[in-house]
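Here is a brisk report on a two-chain model. Please keep the sequence and the structure open while reading.

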Amino acid sequence: MHYVIVGNSIASVGCIESIRKIDQTGTISVIGDEPHPCYSRPLISYLLENKTTEEKMTYRNDAFYEQNNVKLMLGKRVQAINTETKQLSIDDGSLVDYDKLLIATGSCPFIPPMKNLESVKNRFTFMTLDDAKNLEKVLTKESRVLIIGAGLIGLKCAEGIRDRVKTITVVDLASRVLVSILDEAGSSLVEKKLISEGITCILGDSVKEFVNSDALLTSGRVVGFDVLVLAVGVRPNVSLVKEAGGEVNRAILIDETCQTSLADVYAAGDCSESIDCITNERKVLAILPNAYMQGETAGRNMAGEDAFFDKAMAMNAIGFFGLHVITAGIYQGSDKLFTTESGYKRLFVQDGKLVGYILIGDTINRAGIYTSLVRNKTDLATIDFDLISEEPLLMAFAKKERAHKLGDAQ
Amino acid sequence: MKRVYVNEQWCLGCHLCEYYCAYANSGQESMVKALKDRTINPRIKVEEKNGISFAVNCRHCNEPLCVKSCIAGALSQVDGLIVIDASKCVGCYSCIMACPYGALMPNEEGVMQKCELCTTNTHGKPACVQGCPNKAIVFEER
């Protein structure tokens, strides 16, 4: 059996680890376009913040590929999948045969058209280790940095480089920060934190044109800058599967076994679109835990087991300058709000189930107990919901369920 | 694999397990030095309400959601034991988001800590079990 994985990030590692639990002898080849062993992309802002190092950023230990008997082909790009001959064409002219294939190609930065963008010399995206290193090279204590995008990537970048530069201005078309994961109150709290840390946020605005070292905004405001970071959004890398005739919507469509519409071709992670277990709608749930678990599920199926991943849902844990935010699920139904000293907790209940939550500041402890209620679609009538709303406690479960949770845990 | 289990009906709610945990993971030889005048931050925590009490620590899940959610690769499963490499942890709190037992918490440096069954400190076997006066906490295979 020859397993081939295109992409060398989290889903790829999940796939390798699950295959090797089942099949120790089949060959595994990993083709990745970055010249690095698997590292954690979300750590690039921590690298610039000196909270980690390039060595520590590696997602698994140095012996990982050797121990799992993986043939690594780095710095190479796959150009096409031939599903008839079950071969991949690589950009070095070679062909690679596969029996089972995983596409874990992730996503790439989306850059909207902006007038004179190409005239900006110090222009960066912020997704990969090389992006971070390239950005680092130009940063000085005198740098005025303009970040386009007040989402997770743009704001983590701002945090990561704050102490290295003179000023940071974040511009976003949305009227508030982190619009994809927070409600208005949450956005407002995070924005206040950013402002108190010296970051300028210009919201509900966009760049009309770049003129020399100025960005002219639609509102008429002018922002002078030396370094530009583009963090507007990402686009799933779908072309390999699309061109091979596989079904693609915004991302590559996968079923609960993580298989695409093509025989023996699986997909996982940020390039894939799966069913959100809360809404039962198709969604790109581009978060790291889903990438790992989809890769893992794909691997198990590729190695001959019958595995399902039907627990994909949105969830994010993120912090800015010590203000922590944890969110999960969807923000629909009736809500319960608890305001605290440094933040708040908002729980969303629909059809007798917890479907989502937002925790900010001092409300984040033991958040996973809430996540488990969302993930397991626990009937809130079976637990002491008033108690668990106040504080995430296992005490809120019935004695029998508690005994099962704690006593039978495997 | 042997794990720490808590028999709720025997728990006195005395919190000694928390103190033994804090001591075992303090790196101090003397229990007095480790605990006197300090706010402890143990890896096992007692829940109590209305006369019911029980301790909660890491379940060392066979399918660990914390490991699969860790963005830094700091958590791993070694022979069934879930361990953390604190030097890799950046304190993103993804594991707090993921763990259904609420069994991970930040340490004094802001990175995560968790029960490693006293295999990574000098005690060698779970101190909470040794310190439980009513044998409510046991270390056994189930």
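## Domains of chain A

Chain A splits into domain 1 (2–106 + 237–302), domain 2 (111–233) and domain 3 (322–407). The model is a predicted one. Between domain 1 of chain A and domain 2 of chain A, the C-alpha centres are 30 Å apart. Their contact joins ten residues of domain 1 of chain A to 13 residues of domain 2 of chain A. On the domain 1 side of this contact in chain A, five residues are nonpolar, two polar and three charged.

## Domains of chain B

Chain B is divided into domain 1 (1–57 + 117–142) and domain 2 (59–114). The C-alpha centres of these two domains of chain B lie 19 Å apart. Nine residues from domain 1 of chain B and twelve residues from domain 2 of chain B make the contact. The domain 1 side in chain B has three nonpolar, four polar and two charged residues.

## Where chain A meets chain B

The contact between the chains takes 38 residues of chain A and 30 residues of chain B. On the chain A side, the elements giving two or more residues are α8 (288–302), β22 (315–320), β23 (323–329), α9 (367–376) and α11 (399–407). Of these, α9(A) gives the most, with five residues. By class, the chain A side has 23 nonpolar, eleven polar and four charged residues.

## Helix α8 of chain A

Is α8(A) largely enclosed or open? It is largely enclosed by the rest of the structure, because 15 of the 15 residues of α8(A) are buried. Just after the helix, Gly304(A) has a positive phi of about 105°.

## α1 against α8

Two packed helices are described by the angle between their axes and the distance between the axes. Helix α1 (residues 10–22) of chain A packs on α8(A) at an angle of about 35°. Their axes are 7 Å apart. The crossing of α1(A) past α8(A) is right-handed.

Which residues meet here? From α1(A) they include Ile10(A), Val13(A), Gly14(A), Glu17(A) and Ile22(A). From α8(A) they include Leu288(A), Tyr292(A), Gly295(A), Glu296(A), Arg300(A) and Met302(A). By class, the contact of α1(A) with α8(A) has 13 nonpolar, six polar and three charged residues.

Lys86(A) has a phi near 55°, a positive value in a residue other than glycine. Lys86(A) sits in the loop between β4 (78–82) and β5 (87–90) of chain A. Lys86(A) counts as partly exposed, because 18 C-beta neighbours lie inside 10 Å.

Arg366(A) also has a positive phi, near 55°, and is likewise not a glycine. Its loop runs between β26 (353–360) and α9 of chain A. Is Arg366(A) buried or exposed? Arg366(A) counts as buried, because 23 C-beta neighbours lie inside 10 Å. The cut-off for a buried residue is 20 or more.

Met127(A) lies in the loop between β9 (123–125) and α4 (129–138) of chain A. Met127(A) is partly exposed, with 18 other C-beta atoms within 10 Å. Which residues does Met127(A) contact, leaving aside its neighbours within four places in sequence? They are Arg41(A) and Pro109(A). Met127(A) and Arg41(A) are 86 residues apart along the chain, yet their C-alpha atoms are separated by 6.5 Å.

Val138(A) lies in helix α4 of chain A. With 13 C-beta neighbours inside 10 Å, Val138(A) counts as partly exposed. Not counting residues up to four places away in sequence, Val138(A) touches Asn122(A) and Val227(A). Val138(A) and Leu43(A) are 95 residues apart along the chain, and 19 Å separates their C-alpha atoms.

Technical notes:
Residues numbered from 1 in each chain as written. Chains lettered and ligands numbered in written order. Predicted model: local features only at pLDDT ≥ 70, side-chain atom pairs only at ≥ 80, totals over all residues. Contact = placed C-beta atoms within 7 Å. Helix = DSSP H or I, 4+ residues; strand = E, 2+ residues; numbered from the N terminus. Nonpolar A, V, L, I, M, F, W, Y, C, P; charged D, E, K, R; others polar. Axes fitted to C-alpha atoms, helices over the stretch in contact; angles between N-to-C directions. Left-handed = near helix turned anticlockwise from the far one by under 90°. Domains from an automatic or database assignment. Buried ≥ 20, exposed ≤ 12 C-beta atoms within 10 Å, placed from the backbone.
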